[in-house]
Amino acid sequence: CLTALAVNTYAQNFNWVSSTEGNTWKQSKVKLQSSAGQTPLLDISGTEEGTTFKAWGTTFNELCWDALNMLTRDEQDDLLKKMFSPEGELRFNRGRISMNANDYARDWYSCDEVSGDFQLKYFNINRDKLAIIPFVRAAQKYNPDMTFWMSPWSPPSWMKINNDYPVRSDRTNKMSPLSDVVLYEDNTETRDNVFPRQLAVNDYMIQDPRYLQTYANFFCKFIDAYKEQGIPIDMIMYQNEAYSYTPYPGCAWTAEGTVRFNVEYLAPTLKKHHPEVALYLGTFNTNRYDYVDKILSDPRMPQSVQGVGFQWEGGQILPKIRAKYPQYKYMQTESECGGGTFDWRAGEHTFHLINHYLGNGCEEYTFWNNTLCDNGESPWGWKQNALIHVDSKTRTATLTPEYYAVRHYSQFVTPGSRVIAYKPSTEGRTPVLVVETPEKKKVVIAGNFSDEAKKVTVKLRDRYLNIELQPHSFNTFEEK
């Protein structure tokens, strides 16, 4: 019996799903071998602890809902089921919601644009009821147990020092170019190989205590309003991309302002009115390690926030930050969204990002626009990719390469799975991730981003997964 248990530690056969451009989701079987075909990229001993993965998520944006509504009801239902059903293909169980307009809203709005309304008498989510909430409810039809987190792109314009929703002027907004002076003032210090090269010298959120407390109350009002709509928000972040100085909705923050608002206002207000809601710090989209370290090193921070969220350039410093601050939970907050190409290369980039963030301890992974039409352009002139592409002329939908890149992970890495090993794609353009599901089955996910077929070996205790990956392919191997 003991011998049989040892031999059958892993099943001998794995299901193999492979996708290449124009030839997606091809299924076959592969058998483990007793000897290695070549030096293993990963060696799994069976004693690895790893990080427990919790959720795949996506964002609920107005332009996504508009794209879906170009389709018939049956087509919408089919795509919603694919995305959100626990038995679907992407199996999203987490939603991200923007408080006030984001860059993929139809245009600028906030929940209270009445200047000086410190009592928030005019606060409302009427605009959200037109698209965002119907979109969420359509998803809840297929997964009523979904949970949600929230962050703003910009405070109401009257709470900002420039009295407008962007950070800088541009042809796509009506902000006066004269207001740009407050971004850097006379500071000309720049640094290469970092983002941003030049840091804002002012908090665009007014730092007067009355404004800061009103804004903290604003968060709680938003949580209350969504709860009344049957949409549970269980985590918030103070700001999306405080280091992108945008012509679309945004808000620049200094390190001092970030600490002040989160520690002195948002955390205690949330604890008083919504102790069940977690506060994470983010979203960090900067690779300036010293700057993020300055914020996290404040001695009051561990009592105020439970986790940290990274996206875009912030992912570059994730391993170093996580090593210094292991007490926090970590999550990826926005998958990079490309430039409206909807091509295979964009899918490979997304595949690489998932490998990087899961391999470096993120418990959640959030995708940005799930559905866009035509060239994916926002009202502010930025073209982006999405998982589902809709042609507005023919009113037809296509599953993009990124859709399949995501599916190769999300259909198999279920909540509660442990990410136990990974090999980054920078090493030979062959990202590999090994996961153990709650059912104790192993899943190996591997990509080949090179122009030639590549032989790969992964050692699973005393057996070897020897495979040859097609050029530019996504692959998932699931233990039977």
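View 1. Of the contacts in the protein chain with a separation of 6 or more, 72% are between residues 24 or more positions apart. What you're looking at is a predicted model. The chain holds 11 helices and 21 strands, and buried residues make up 60% of its 480 residues. Its radius of gyration is 23 Å, which agrees with the value near 23 Å that a compact globule of 480 residues would have. Along the principal axes, the C-alpha atoms fill a box of roughly 75 × 55 × 40 Å.

**View 2. An open sheet of seven strands.** Follow the strands across in the order β2-β1-β21-β18-β17-β16-β4, with antiparallel pairing. Which strands stand at the edges? They're β2 (23-31) and β4 (51-52); each has a single partner strand, so one side of each is left without a neighbour in the sheet. In general, strands of a sheet pair through backbone hydrogen bonds.

**View 3. Zooming in on β17 and β18.** Strand β17 (residues 432-436) and strand β18 (residues 442-448) run antiparallel, joined by five bridges.

View 4. Now find helix α11 (residues 401-410), which lies across β1, β2, β17, β18 and β21. Helix α11 runs at about 20 degrees to β21.

**View 5. The accessible surface.** The protein chain has an accessible surface of about 19300 Å². Carbon and sulfur atoms account for 48% of that surface.

Key: Residues are numbered from 1 along each chain as its sequence is written. This is a predicted model: local features need pLDDT of at least 70, side-chain atom pairs count only at pLDDT 80 or more; totals for chains, interfaces and linings use all residues. Side-chain values use heavy atoms; hydrogens and water are left out. Two strands pair if DSSP finds at least two bridges between them. Helices (H or I, at least four residues) and strands (E, at least two) are DSSP runs, numbered from the N terminus. Contact means heavy atoms within 4.5 Å. Axes are lines fitted to C-alpha atoms, for helices over the stretch in contact, and angles run from 0 to 180 degrees between N-to-C directions. The radius of gyration is taken over C-alpha atoms; the globule rule is 2.2 Å times the number of residues to the power 0.38. Buried means under 20% relative accessible area, exposed over 50%, partly exposed in between (1.4 Å probe, protein chains only). Accessible areas come from the Shrake-Rupley method with a 1.4 Å probe; for residues, only the protein chains shown count as cover.
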